[in-house]
Amino acid sequence: MPYPSKTDRQTILLAAVKDLARGGIRDLSLRNLAASVGVAPNAIYRYFSDRSALEAALANEAARQLELALRKAADGREPVTTIREMSSAYIKFARDNRHLYEVMMSLHAPEHDATSRQSLWTFTVEQVQRIAGSDRAAQASVALWAFLHGAVTLEAAQVFGESKPASGLEFGLDAWLRAVSTRGKPMEALRIKPTRKTANKKSAARQA
């Protein structure tokens, strides 16, 4: 079978995204992908050496699409609203592109290109830095990403049941915003101070 002139890396990658949406990563194969594009299987190997390379490219594409969604959500907004809108956009992207999101969050060999994933991370840190400050932006970004990914994973697993308490997501995001908004304050200052009664009990326990 000849290689159509329209066949290139991007054409194959977009076809892989569509195949992934239909059947998930387990049903994705280079042979089936070749059939979707209308080329011989060997044509796929000209652009992707193996399945691992294809998965890494899909992860990169997912990160690119997610960053576009986050940039659109953040455009022109003040810092706190930006984080709220980005969080909503993140969760929506994960819901609407479940299989693509799963590929992005799975492990990939370091030798494969991760340009888009690095760009996504950099953009996230830049937006978080507007609230948390440069010294805590990276760790605050990790905390935010972990929270959002956890929420997405629990929802996908239907752990929340039918109720899907959106208020729980708001509670977590509010807690994160309170923590990162206290620039320069030690964490001890954020902890609840014991009441006099509790302090007296602790003192008595120490004496005993």
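**A cavity and a helix pair**

About 80 Å³ of space lies in the largest cavity of this predicted model, in which local features need pLDDT of at least 70, side-chain atom pairs count only at pLDDT 80 or more, and totals for chains, interfaces and linings use all residues. Residues are numbered from 1 along each chain as its sequence is written, and side-chain values use heavy atoms, with hydrogens and water left out. A cavity is a set of points on a 1 Å grid over the protein atoms alone where a 1.4 Å probe fits but cannot get out, and its volume is the space filled by probe spheres set on the points; one cavity of 30 Å³ or more is counted.

The lining of the largest cavity, meaning residues with an atom within 4 Å of a point, consists of L70, M86, S87, Y90, L120, T124, L144, W145 and L148. Two or more of these residues come from each of helix 5 (79-96), helix 7 and helix 8 (137-156), where helices are DSSP runs of H or I with at least four residues, numbered from the N terminus. By class, the lining has seven nonpolar, two polar and no charged residues.

The axes of helix 4 (residues 51-74) and helix 7 (residues 115-132), lines fitted to C-alpha atoms over the stretch in contact with angles from 0 to 180 degrees between N-to-C directions, come within 7 Å and cross at roughly 25°. Helix 4 is therefore roughly parallel to helix 7, a term for angles under 35 degrees. Contact means heavy atoms within 4.5 Å, and among the residues that meet are L66 and L70 in helix 4 and L120 and F123 in helix 7.

Key:
Angles under 35 degrees count as roughly parallel, over 145 as roughly antiparallel, 65 to 115 as roughly perpendicular and the rest as oblique. On a 1 Å grid over the protein atoms alone, a cavity is a set of points where a 1.4 Å probe fits but cannot get out, and a pocket is an open set with protein on both sides within 12 Å along at least five of seven lines; lining residues have an atom within 4 Å of a point. Ala, Val, Leu, Ile, Met, Phe, Trp, Tyr, Cys and Pro count as nonpolar, Asp, Glu, Lys and Arg as charged, and the others, Gly among them, as polar.
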